[in-house]
Amino acid sequence: MATAMELATDRVHPEFDEKRASPSHNGSVEVSAVPKLELLIRYAEQARAREALGSHEPLSDSKEKVDESVRGPPDISEDLINARRALRTASWWAVFYLITTDILGPFNAPYAFSQVGYVPGVILYIVMGFVACYTGLLLWKLFCALDSEHYPIRTYADLGERIFGSWFKNLCAVLQSLQLIINVGTICLSNAQSVAQIAVSHEFCFSIQILMWALFGMVIGQIRTLKSFGWLANMAVWLNLLTIFITMGVVAHSAPNFAGAKAAYGLDPAPVVKTAFTHLPLFAKVNGIMQMVFAYGGAMIFPEFMAEMRRPMDFWKAMCCAQLLIGTVYMMFGVFVYSFQGQFTLPIAYQGVSAFAWQTVGNSLGLVTGIIAAGLYGNIGIKVAYYHVVEQWFGGPSLMSRRGHVYWSIMVVVYWALAFIVASAIPQVQTISGLVAAVCIMQFTYTFPPLLYAAFHMRLDASRNDPGDTWWDVSRWVRAIKGGGSGSGKEVGGRGGEGVRAVYKVFNLVLFLASAAMACLGMYGSGKSIQVTFESAGAATSFGCAPPV
């Protein structure tokens, strides 16, 4: 995630933003208004045609035929448009690498299998993988239908704004910020658990261990650019792979970490039990399912990847291959570790190793990758909050200005303080990760894409043969669902006649409702799991000193 989000938040070329060249009367920079969907589609069609021809020539010199009615707005120069094209250089195989490296890290997969069992675990990983691939294709089709050099889409929020308006863009920004804060809090928590295991002979208060990482984050968070993190992010990928192989090798030749399981679940040492179907309460199974969502949590950054591609039409190749590889790795790693640790499987797999030497190796590697990830996510999360809250909502100074630097420093302290509160208030990796999956990741991967796709086509069909009614009128909804008349079966990925399109729109709306219901169930499951875990004997308490491992 961090690699891709850098592309959208680390504005190396602010002059290429969608802004007018001259300031307004009050000194602020005006933003070009986004036109109607029909015109956006026509811009996008020409952009895709140029990409198919491999053309990067200026508009005036291009050999392709350009529709004179689809010229860009007068405040966007041809030089700016051609500069935007030149910045798009990534190939589909490069994006495949980015998706794989940003998401790969299946250390919670064994815990997911311990909550649901072999059969539901395998089936759900496969089914959720297929659905995630389908929703990824929906995002790809929407991006290709709406993105152009005149009105580029850089983020998930931009895509939502094209269809629903600014309120949906703000919703995406809030969910994205919330997800990143909880992710940083979870990393602080897992790093503190690693310290607790490494320093088992020299124990000190667990909340202080979390606070150490929050204070460390406040220091490294003062770095405003992500350029310095690039090679560290790539190194973290290989360290994660090394940790995976070490964990698999050690758990196959040693007993589970009974002490850690006792601290986390209150379980006493006993024979390892593996089952095809578990007999745990519903909320525990749902929380386990939410852990699986992490394997397919990259949809939030898919528009960022496509925005950097030379040919966004090729994104489906990268996405499908990456989803297949990631899902397979998560599932195989989860099955393997669960087969040796059963009910004693810990939420972070390498912390379930019983041999202290190898446990320390895993924790040390985890600390390094955790520091890198926390620095990246924290930097990105603060930038997202700064651009939306300080610059857009309150009209504050640019991030690169002197006053912006002051505001940035204050926001860094507040951001990491919030991460500390999240981690110390709920010292349970297995439940806090389920909560962020239900509240945030489910929406970006499963809930929003079918809603956006259905709404996109409903708006187009409702606008055809428009008699002037509004969305308060039943007639507009009927036309939106059934189709708007002649020609409605051929535009923007349409297949078949009005009946087929109507069924397809209803299917996507049903998928949206089902995903939203699953997200609500996930919130219940993770919330109930938090409650039950706190009530269990010996569990770590909020802002307490006893570690949860």
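How many salt bridges does the count come to? In this predicted model, the count comes to 16 salt bridges. Side chains of opposite charge can pair when their charged atoms come close.

In one of them, Asp 466 forms a salt bridge with Arg 476, and the closest N and O atoms sit 3.1 Å apart. That pair links distant parts of the chain, with Asp 466 in the loop between α17 and α18 and Arg 476 in helix α18, ten residues apart. Asp 466 is partly exposed, at 37% relative accessibility. Arg 476, on the other hand, has a relative accessible area of 10% and counts as buried, because buried means under 20%.

The other pair brings the side chain of Asp 466 together with that of Arg 479, in a salt bridge of 3.5 Å from N to O. Here Asp 466 is again in the loop between α17 and α18 while Arg 479 belongs to helix α18, so the pair ties together parts that are 13 residues apart in sequence. Arg 479 is buried too, with a relative accessible area of 11%.

Salt bridges that share partners also join Asp 158, Glu 161, Arg 162 and Lys 169 into one network. Within this group, the side chains of Arg 162 and Glu 161 meet at 3.9 Å, N to O. Arg 162 counts as buried, at 6% relative accessibility, whereas Glu 161 is partly exposed, at 25%.

Next comes the backbone. Most residues other than glycine have a negative phi. Asn 465 is not a glycine, yet its phi is positive, at about 50°. This residue is found in the loop between α17 (429-463) and α18 (474-482), and with a relative accessible area of 59% Asn 465 is exposed. Phe 543 also has a positive phi, near 55°, and is likewise a residue other than glycine. Its place is in the segment after α19 (498-535).

What about the inside? The structure holds five cavities of 30 Å³ or more. The second largest cavity has a volume of about 110 Å³ and is lined by 16 residues. Of these, Ala 264, Pro 427, Gln 428, Gln 430 and Pro 548 lie nearest the centre of the cavity. Two helices, α11 (258-265) and α17, each supply at least two residues of that lining. Which kinds of residue, nonpolar, polar or charged, make up the lining of the second largest cavity? The residues divide into eleven nonpolar and five polar, with no charged ones.

Terms used
Residues numbered from 1 in each chain as written. Predicted model: local features only at pLDDT ≥ 70, side-chain atom pairs only at ≥ 80, totals over all residues. Heavy atoms only, no water. Helix = DSSP H or I, 4+ residues; strand = E, 2+ residues; numbered from the N terminus. Buried < 20%, exposed > 50% of the residue type's maximum accessible area, 1.4 Å probe, protein only. 1 Å grid on protein atoms, 1.4 Å probe; cavity = no way out; pocket = protein on both sides within 12 Å on 5 of 7 lines; lining within 4 Å. Points joined across faces, edges and corners; volume = space filled by probe spheres on them. Nonpolar A, V, L, I, M, F, W, Y, C, P; charged D, E, K, R; others polar. Salt bridge = Lys/Arg side-chain N within 4 Å of Asp/Glu carboxyl O.
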